[in-house]
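Biologist: I am new to this structure and would like to learn how to read it. Could you walk me through a few features?

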There are 2 protein chains.
Amino acid sequence: MNVRVLIPAAGAGRRMGGGINKQYLELAGQPILARTLEVFEQHPLIDSILMIVSPAEIAFCTEEIVVPGNYRKVAAVIAGGLERQDSVYCGLQACNADDDDLILIHDGARPLVSCEIIDRVIATAQQHGACLTAVPVKDTVKSVHKGCVVDTLDRTTLWLAQTPQAFRYDLIRAAYDRAAALGLRGTDDAQLVELAGFTVRVVQGDYRNLKITTPEDLPVAEQLLAAEKKVGA
Amino acid sequence: MNVRVLIPAAGAGRRMGGGINKQYLELAGQPILARTLEVFEQHPLIDSILMIVSPAEIAFCTEEIVVPGNYRKVAAVIAGGLERQDSVYCGLQACNADDDDLILIHDGARPLVSCEIIDRVIATAQQHGACLTAVPVKDTVKSVHKGCVVDTLDRTTLWLAQTPQAFRYDLIRAAYDRAAALGLRGTDDAQLVELAGFTVRVVQGDYRNLKITTPEDLPVAEQLLAAEKKVGA
């Protein structure tokens, strides 16, 4: 049984403005994507990493990120598709996994993932086949239609999904094959697994494991990283 | 027509650990609560501010926050109740408002609120009677039961409520009187207004307007504040 990581990093970063893929922006002097890779490269339970980027960025990603970082677990840098879901499906088809391998899927733009979270998702996915990391919603959640509140949701049952999400290969592959056949789209990987009728477990994540999506996320991530280093020193 | 601000700041700050009321913690050299007050003190459309704190903190808040800051709009520092909702109700009963006054309710622990957001909630509440500021959910939201995913919500309709929330006095007072009579609890002020059958508008907020709830929020807020100053300089 191998533990393989898929890192979809083909995002155009439209919400960041400027047309730059946000994952190549620097966070405390290092590209975001390099920092994400570093965590999995160092984690003892991870066997290999497959990076999925836009076709135009394969050479750049290899030469500017993977080679300089000497990431020995990176098995390949392959071309993804138009949307995140398409890219993950490319990775699942390309990764040459056995049915009982574990597949971790992690956003390239979440560089603050911790070893503890990775430990937790691996342990739970090994036991139950499918899991994701998430944090409880802290704010009041409103359902809004045409600028007016329609409903206030019961937040005690609501969690915000993060990554990594981890699945046994046969299960996530079946879910993606089914989604492709039926034309289903999910907002995360787990949703396709849920729609295929499998149970997905939830393990406690960390509010610090944020996804760098909008410009104000970058200074926040830098600060969290600095605070982490201080604690670690 | 007056515009009055209620600032419930009686929170025990349990989620921060250590038993300190988080609103007296320092953010870039100034207590969080003082920074919150500063924004409303400086805003030209605000007429008066009523602070609602725990009974044991009235003297401390007055002597350590209000007097040193010379906040002339602070009409009084009064005792709140056990929970946030009880404190707001104390404020509504104490504030001696006219029916057509506007009441803004704002968390003491949201010091990064901007003048633009305050402008927007005032304008919308003046026109429609009730509004809150909120931001669209960026993450995938899962409904979770006993550690398993039950449902993935359609996030395109979901917003995270923030403060300030603004209401015509007669309307918010009626909603709170009704809640007290029926024993209703809401997760925010708007929910009581919604439950009373009134329509609540939503105006665009700002992800930076975070509530300082858990220890990792403090360095994040400091960084956002620093970034804001750099832009302003």
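**Reading a helix and an interface**

Modeller: Let us start with helix α3 of chain A, residues 84-94, where A:Gln85, A:Ser87, A:Val88, A:Tyr89, A:Gly91 and A:Leu92 are buried. Buried means under 20% relative accessible area, exposed over 50% and partly exposed in between, with a 1.4 Å probe and protein chains only. Helices (H or I, at least four residues) and strands (E, at least two) are DSSP runs, numbered from the N terminus. The model is predicted: local features need pLDDT of at least 70 and side-chain atom pairs count only at pLDDT 80 or more, while totals for chains, interfaces and linings use all residues. Residues are numbered from 1 along each chain as its sequence is written, chains are lettered from A and ligands numbered from 1 in the order in which they are written, and side-chain values use heavy atoms, without hydrogens and water.

Biologist: How should I read a list of positions in a helix, and what do the buried residues of α3(A) pack against?

Modeller: An α-helix has 3.6 residues a turn, so residues three or four places apart point the same way. Here, the buried residues of α3(A) pack against β1 (3-8), β4 (48-53), β5 (74-79), β6 (102-105), α5 (169-182) and α6 of chain A. After α3(A) comes A:Asn96, with a positive phi near 55 degrees.

Biologist: How many disulfides does the structure hold?

Modeller: A disulfide is a pair of cysteine sulfur atoms within 2.5 Å, and over all chains there are zero. For A:Cys95, the nearest cysteine sulfur belongs to A:Cys90, 12 Å away. A:Cys95 counts as buried because its relative accessibility is 8%. In chain B, the sulfur of B:Cys115 is too far for a bond, because the closest cysteine sulfur, in B:Cys131, is 16 Å away.

Biologist: How is the size of an interface expressed, and what area is buried between chain A and chain B?

Modeller: The accessible area lost when the parts come together is often used. Between chain A and chain B, about 3,600 Å² is buried (area lost to a 1.4 Å probe, summed over both parts), and carbon and sulfur atoms give 58% of it. On the chain A side, A:Lys138, A:Lys142 and A:Gln223 lose the most area to chain B, together 15% of what that side buries.

Biologist: How many salt bridges cross that interface?

Modeller: The rule asks for a side-chain nitrogen of Lys or Arg within 4 Å of a carboxyl oxygen of Asp or Glu, and it finds eight between chain A and chain B. A salt bridge joins the side chains of A:Glu194 and B:Lys142, at 2.6 Å from N to O.

Technical notes: Buried area is the accessible area (1.4 Å probe) that two parts lose on being put together, summed over both. Contact means heavy atoms within 4.5 Å.
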